[in-house]
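The following note sets out points for a colleague who is examining the model. It takes up salt bridges, a pocket, and the domain layout in turn.

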Amino acid sequence: MEMSSANYLNTDADALETAEWVDALRGVIEAAGPERARYLLTQLSTVAQKMGLDWRQSRTTPYVNTIRVPDEPPFPGGSDALEMELHLGSLIRWNALAMVVRANRAFGELGGHIASYASAADLFEVGFNHFFRARSDTFGGDLVYFQAHSAPGIYARAFLEGTLCEEELSLFRREIEAKKHGKHGLSSYPHPWLMENFWQFPTGSMGLGPISAIYHARFMRYMENRGLMAPQDRKVWGVFGDGEMDEPESLAALSLASRENLDNLVFVVNCNLQRLDGPVRGNGRIVDELETTFGGAGWNVIKLLWGADWDPLFARDASGELEDVLGRTVDGQLQTFAANDGAYNREHFFGQTPGLRAIADMLTDDEIDRLRRGGHDMKKIYAAYHAAANHRGRPTVILALTKKGFGMGSAGQGKMTTHQQKKLDASTLLEFRDRFRLPISDADCEALAFYKPAEGSAEMKHFLKRRAELGGFMPRRSVKHTQLPVPAVESYAKFALEAGGKDMSSTMALVRMLGNLLKDAGLGKNIVPIVADEARTFGMANLFRQVGIYSSQGQLYEPEDIGSILAYREVIDGQILEEGITEAGAISSWTAAATSYSVHGIPMLPFYIYYSMFGFQRIGDLIWAAADQRARGFLIGATSGRTTLAGEGLQHQDGNSHLIASTVPNCVSYDPAYAYEIAVIVQDGMQRMLVDDEDVFYYITVTNENDAQPSMPQGAEEGIKRGMYCLQPQDNAAVRLLASGPVLKEAIGAAALLKEKLNITAEVWSVTSYTELSRDGIAAQRDERLGVDSRKAFVTQQLGDSTAPVIGVSDYVRAVAEGIRAFVPASYVALGTDGFGRSDTRANLRDFFEVDAKWIAYTALSELGAGKDPEKLKGFAQSLGLDLSQPLSTTV
């Protein structure tokens with residue numbers, strides 16, 4: 001059982017001795033300074049452990065502010081600036097509230113959030129006015145991950161800046177309607193795709209912002225250590241909710257941040273103590289929990305709990321009763337105190353002890369009601385941010401205590417229902433106006449009129465000056481970046497284009513191309529190889545020596561395999577990001593690299609190679625976030641397909657990723673069979689992303705199955721890119737076999753069986769992308785329907801007027817091949833690997849899922865006239881050794 005000073009030293013058996021020890025410690029601090037005192041305390045703790053004393057310092061500190069009053073820096077500009085910024089912040093609060101309530105008066109279905117921004121407004125304002133530095137021609141800028149539910153406040157600030165107009169605020173959550181009128185609507189949450197020049201990072205899917213912020217801070221150090229970006233003491237700020245910290249991704253990479261000494265990273269956790277439905281920790285304290293979690297992970301923790309109004313109360317609390325009572329009050333009760341007025345709090349909070357009652361007697365009910373939590377006191381916030389920005393050696397988290405719905409009075413402050421509050425009546429609006437002393441008439445208040453100070457007014461001068469001194473307005477997304485040259489495909493993939501029958505797996509081919517690209521003088525240094533923990537599995541070990549594994553510390557040990565040519569090699573300027581067993585971390589690194597063109601103005605080309613099963617299925621939400629952020633790069637789904645990985649079985653066999661990838665609009669996915677197909681696809685991707693500046697990313701599946709690799713047929717390039725080309729053309733073919741990836745050779749085998757046993761001629765097509773063919777077909781159908789263009793779908797064009805039946809097959813679920821059914825100009829059957837995976841040989845797996853050469857041939861015959869004869873069909877099955885009584889793969 002854990003023992004701490006807090007849970008078993010409850011009484012003082014010798015107060016005089018205790019006082020002597022405390023006085024001694026105080027004397028050391030005064031005479032020799034805090035560092036000496038820390039050293040002595042550490043020594044005492046070490047000796048206690050050696051003597052078998054079962055003691056450990058409590059992981060939580062008292063429930064008070066970390067930064068003492070004497071250590072607080074002066075607020076820049078003094079009290080006048082502070083009052084000005086409080087006033088401006090109140091105006092922004094009003095405009096944010098007015099925007100949401102106005103939208104819901106008109107259309108109750110639109111939704112929106114008031115209470116989250118109400119709690120975080122001051123946290124944002126201090127950041128905007130003093131810490132969040134914008135990107136300029138000479139400075140890369142700080143990165144800010146905004147709490148998604150606070151988006152209305154960010155829009156309201158942009159309205160004062162003049163970067164958003166009143167009409168745009170009126171079109172909050174009405175993006176389609178806005179476009180009809182040639183305007184821009186405002187997206188519900190931060191979304192770089194929908195507001196491409198405004199938002200930089202998508203944070204609407206809670207929990208993804210924290211892990212992304214951590215890996216982006218690490219990627220900035222990676223860029224600096226590799227000499228690609230000058231160190232400029234840039235910061236990554238993340239403002240997140242306390243309830244959001246329950247998402248696994250929020251806390252998943254805390255140890256990475258401390259291990260990498262990411263002192264360029266600051267988290268601000270808005271602890272308003274409420275989730276959507278109720279308290280985050282009703283029977284505990286989320287601040288204590290997060291302090292333990294972050295502190296245990298090695299972060300610098302700053303608790304920002306109480307505003308300056310509380311300082312005199314703590315000063316009068318000679319007996320420590322106030323600190324003690326606060327330390328015993330759980331969050332559910334604090335929420336109740338927040339939801340009630342001064343009179344209630346006088347009785348139920350301050351009435352708990354005689355000492356607290358005495359303190360409360362010096363305050364009016366109104367003064368008690370206006371006691372601010374730390375996250376609502378700009379001076380306290382400034383002190384916390386200043387300490388965080390200047391801390392060195394560790395990442396910092398600020399745990400800021402706030403009230404959800406702050407200032408919304410009886411309509412929302414601290415209420416269980418406050419998150420759903422989107423409509424306010426006239427009396428509540430007037431109460432809000434009076435609470436923040438807003439210069440708005442009753443009529444304008446009830447009409448929800450937006451308010452903006454006059455141009456040239458003292459408020460606007462101060463407001464604009466603060467941002468000017470920090471480099472300009474934020475948030476802003478820029479696409480200004482340097483251009484990278486794309487080498488000729490022959491320079492890195494000639495071996496694939498002219499393979500001549502050499503055996504290799506498609507994974508081997510891809511990795512060999514990657515190794516050659518890394519040597520390219522123009523592009524090589526901008527390539528970022530990323531792997532979760534399977535570099536050797538994917539044949540990438542040779543890259544350890546070639547470009548090294550990135551480590552901010554270098555290699556502080558002699559690796560076990562130092563004598564090997566493929567030895568594990570970590571270096572400060574290493575190029576490979578070997579992330580360990582964390583697909584979520586690896587994709588976060590990939591996203592940081594894939595968006596570097598817009599975030600840093602330096603395009604990078606990441607290749608993230610991973611077990612395909614642990615991609616879209618496991619971390620699909622993070623891939624969607626990358627898509628939202630307009631990522632550019634390559635995702636390589638290795639050991640892909642349900643029957644290719646053989647003995648690994650259910651947990652590792654991927655039959656779904658291409659289906660899921662097809663749902664991501666800017667993901668271009670391919671399932672190539674041959675090395676030359678990969679070469680064409682990689683070249684096309686680099687051209688589109690690096691030269692044509694298209695906001696797309698590529699998903700390419702590769703396998704570990706060695707096959708004889710042919711050279712590229714003449715004229716195949718266009719079909720490879722579009723999604724299909726004829727590999728084995730036949731005049732007047734009786735049937736056409738379409739296949740992708742590892743089962744293409746099964747289709748070739750099926751054609752041979754049909755010819756050998758039945759003298760039936762089959763034409764074989766390599767389908768590199770059912771998804772791209774489907775998308776093209778949908779677009780072509782729509783164009784024809786609208787009278788825009790009468791072109792036919794590419795599938796239809798390629799297959800022509802033949803009525804020969806078509807069989808489509810892949811190593812994925814049938815729905816992948818089904819995507820082209822509407823565009824096939826003949827009868828069509830789709831085969832696939834639906835059901836759970838199995839551990840067995842490739843031959844047995846393909847027989848089980850009915851995608852091997854024999855089953856493809858049998859299916860082809862069943863679609864032909866000859867196949868309508870049951871006896872002939874049964875005889876053919878017997879000649880192939882097929883068991884027609886085996887159950888459907890989805891039923892077993």
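1. Salt bridges in total. The count comes to 51 salt bridges, where a salt bridge is a side-chain nitrogen of Lys or Arg within 4 Å of a carboxyl oxygen of Asp or Glu. The model is predicted, so local features need pLDDT of at least 70 and side-chain atom pairs count only at pLDDT 80 or more, whereas totals for chains, interfaces and linings use all residues. Residues are numbered from 1 along each chain as its sequence is written, and side-chain values use heavy atoms, with hydrogens and water left out.

2. A pair within helix α3. E35 and R38 form a salt bridge whose closest N and O atoms are 2.5 Å apart. Both residues belong to helix α3 (residues 34-50) and are separated by three residues, about one turn of the helix; helices (H or I, at least four residues) and strands (E, at least two) are DSSP runs, numbered from the N terminus. E35 is exposed at 57% relative accessibility, while R38 is partly exposed at 46%. Here buried means under 20% relative accessible area, exposed over 50%, and partly exposed in between, with a 1.4 Å probe and protein chains only.

3. Are R157 and E161 buried or exposed? Both are buried. Their salt bridge has its closest N and O atoms 3.6 Å apart, and the two residues lie four residues apart in helix α6 (residues 151-161), about one turn of the helix.

4. A pair between loops. R536 and D561 meet through their side chains in a salt bridge of 3.1 Å, N to O. R536 sits in the loop between β7 (527-531) and α25 (542-547), and D561 in the loop between β8 (549-550) and β9 (570-571), so the pair ties together parts that are 25 residues apart in sequence. R536 is partly exposed, at 44% relative accessible area, whereas D561 is buried at 16%.

5. A network. Salt bridges link E705, D707, K745, E746, R842 and R846 in a network.

6. The second largest pocket. Its volume is about 560 Å³. Of the 34 lining residues, R135, S136, F139, G140 and V599 are the closest to the centre of this pocket. The elements giving two or more residues to the lining are β1 (143-145) and α27 (596-599). A pocket is here an open set of points on a 1 Å grid over the protein atoms alone, where a 1.4 Å probe fits, with protein on both sides within 12 Å along at least five of seven lines; lining residues have an atom within 4 Å of a point. The volume is the space filled by probe spheres set on the points, which are joined across faces, edges and corners.

7. Composition of that lining. The residues divide into 15 nonpolar, 11 polar and eight charged. Nonpolar covers Ala, Val, Leu, Ile, Met, Phe, Trp, Tyr, Cys and Pro, charged covers Asp, Glu, Lys and Arg, and the others, Gly among them, count as polar. Domain 2 (78-307 + 372-470) and domain 4 (494-708) each contribute at least three residues to the lining.

8. Domain layout. The assignment, automatic or from a database, gives domain 1 (19-57), domain 2 (78-307 + 372-470), domain 3 (309-371), domain 4 (494-708) and domain 5 (730-880). The C-alpha centres of domain 3 and domain 4 are 57 Å apart.
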